[in-house]
Amino acid sequence: MTHATIDRRSASTRAKLEQAHLALIHARGYEAINVQDICAAAGVSRSAFYTHYADKDDLKRSGLDCLRRELESAQRRPGAAPFAFTRALFRHAREHLDLYRSLGDGNGRAIALGAIREMLEALARKEFAADASPELREAKVQMAVGACLGLLTWWLDTGCKQLTSEEIDAVYQRLVMHSATAMPPR
């Protein structure tokens, strides 16, 4: 068996597991499913599951890789405005509102938000890279990310009814980014 064949099989197994995981979260909610449920729905053995993931929480974190790539792409786009990735984040969140609701208030939501926090922190550090003071840079990062997650969860919890993804991003840009970028680097 060639390396390419193994890679294709591995990718196929991961895709089946991710699709089954999402379908089960939609159908039953995150807390109500376990690894055996995911394996059965994907038609994959438990040993194959554990070859790729430590547990269902690890699978959840891995499933957010697509979002990370999307946000990084928005940040790297030529001529992108500062914090351009937040618009992509809000758009993605709105498009996946039903999945967010399926996570409930339990561990699934905490895992997803924790992984998103890590993504946002890495992206924000790039935005504030010009700050000479590591303490000020990290303070700006934490303020920007905390505010983004606060707005995101409030907006999603209200069903995204008051504002579109573009409008909530504009609110974020006006309220938060103005404050962070107005403070000169030290």
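Buried means under 20% relative accessible area, exposed over 50%, and partly exposed in between (1.4 Å probe, protein chains only). This is a predicted model, where local features need pLDDT of at least 70, side-chain atom pairs count only at pLDDT 80 or more, and totals for chains, interfaces and linings use all residues. Residues are numbered from 1 along each chain as its sequence is written, and side-chain values use heavy atoms, with hydrogens and water left out.

**First stop: salt bridges.** The structure holds seven of them, each a side-chain nitrogen of Lys or Arg within 4 Å of a carboxyl oxygen of Asp or Glu.

Select Arg-117 and Glu-121 in helix H8 (residues 107-127); helices are DSSP runs of H or I, at least four residues, numbered from the N terminus. Their side chains form a salt bridge, 3.7 Å from N to O. Because the two are four residues apart in H8, about one helical turn separates them. Glu-121 is buried at 13%, while Arg-117 is partly exposed at 30%.

Next, show Glu-138 and Arg-125, which pair at 2.8 Å, N to O.

Then pick Asp-37 and Arg-28: their closest N and O atoms are 3.4 Å apart.

**Last stop: two helices.** Colour H5 (residues 65-76) and H6 (residues 85-95). Which residues of H5 meet H6? Leu-67, Glu-70, Leu-71, Ala-74 and Gln-75 do, against Phe-85, Ala-88, Leu-89 and His-92 in H6, with contact meaning heavy atoms within 4.5 Å.

Key:
Axes are lines fitted to C-alpha atoms, for helices over the stretch in contact, and angles run from 0 to 180 degrees between N-to-C directions.
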